[in-house]
Amino acid sequence: MLGKNTITDEIIDNDKSEDRETLEDVTQYPGKWYVINCYSGHEDRVRDDLIQRVKSLNMKDVVFDIRVVKEIVSAKKGGKLIEKEKNVYPGYIFINMIMNDEAWYIVRNTTGVTGFIGSSGRGTKPFPLTDQEARTMISKSLAAKKRATGQGKKVKKVFVANFEVNDYVRILSGTFTDMEGQVTKIDTSKGIAIVNLEMFGRLTPTEVEFDQCKKIG
């Protein structure tokens, strides 16, 4: 459990007990969770810059946590199975803070930050995530997700999808449970579909496993 006024720059892995995920309560802080927009691929650098500014300006009493939400995926490289981190929400950083004028100004004027999600601009402050949105988008994503790739097997495994490209599906489990979107790509060698899901007011291509999807209609 993170203490009050604690800035963390690490992705926290949750332990499993009796095969069930124990999810961290991300609503424990005095502040609210907001979503920062930045250029895709620059999330870690922008997060580190934000953490450094918070520390140097002694703002730990108004900014409590800054995160780039990631998962662990398995992939083959050079014939070997490797694990690597992948951003769950490319181009977005989550920050827990008390939204006062000073904190708002400092965060949005940090190099690499292009804005807050939920702000209409023209000097208006953004709306925070609800507690339920924070739990769904941050807590559930903290558990590392690994996919079996069949390493060492001579027979190539082929996955079968019960839907096709352009079909609309509902997500049954995982980070995006109950969200709906259109399938744009299917990879039968990995059992992965690319589904356009609406997040932060825009459609975002998202990798989802076949068994997590159900065709609508």
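Within helix α2 of this predicted model, the residues Ala103, Trp104, Ile106 and Val107 are buried. These buried residues pack against β3, α1, β7 and β8. The protein chain as a whole holds three helices and 13 strands, and 41% of its 217 residues are buried. Among contacts in the chain with a separation of 6 or more, 64% are between residues 24 or more positions apart.

**The sheet**

- Four strands make up an open sheet, arranged in the order β4-β7-β3-β8 with antiparallel pairing.
- The edges are taken by β4 (63-67) and β8 (113-116); each has a single partner strand, so one side of each has no neighbour in the sheet.
- On average, neighbouring strands of this sheet are turned by 30° against each other, with direction ignored.
- Strand β3, covering residues 32-38, is joined to the antiparallel strand β8 by three bridges.
- Opposite asparagine 37 stands glycine 115, which belongs to β8.

**How the helices meet the sheet**

- Helix α1 (residues 43-56) packs on the sheet and touches β3, β4, β7 (92-97) and β8.
- The direction of α1 makes about 165° with that of β4.
- Helix α2 (residues 101-108) also packs on the sheet, where it touches β3, β7 and β8.
- The direction of α2 makes about 140° with that of β8.

**Helix α1**

- This helix has 14 residues and spans 20 Å from its first C-alpha to its last, close to the 20 Å expected at 1.5 Å a residue.
- Its buried residues are Glu43, Val46, Arg47, Leu50, Ile51 and Val54.
- Viewed down the axis of α1, the buried residues fall within an arc of 140°, so they line one face of the helix.
- In an α-helix there are 3.6 residues a turn, so residues three or four places apart point the same way.
- The buried residues of α1 are covered by elements including β3, β4, β6 (80-87), β7, α2 and β8.
- Asparagine 58 follows α1 and has a positive phi, near 55°.

**The start of helix α2**

- The N-terminal end of α2 is capped by asparagine 100.
- In this cap, a side-chain oxygen of asparagine 100 lies 3.3 Å from the backbone nitrogen of glutamate 102.

Methods:
Residues numbered from 1 in each chain as written. Predicted model: local features only at pLDDT ≥ 70, side-chain atom pairs only at ≥ 80, totals over all residues. Heavy atoms only, no water. Pairing = 2+ DSSP bridges. Helix = DSSP H or I, 4+ residues; strand = E, 2+ residues; numbered from the N terminus. Axes fitted to C-alpha atoms, helices over the stretch in contact; angles between N-to-C directions. Contact = heavy atoms within 4.5 Å. Buried < 20%, exposed > 50% of the residue type's maximum accessible area, 1.4 Å probe, protein only. Polar contact = N/O pair within 3.5 Å; in protein donor to acceptor, adjacent residues only side chain to side chain. Expected span 1.5 Å × (residues − 1). Arc of directions from axis to C-beta.
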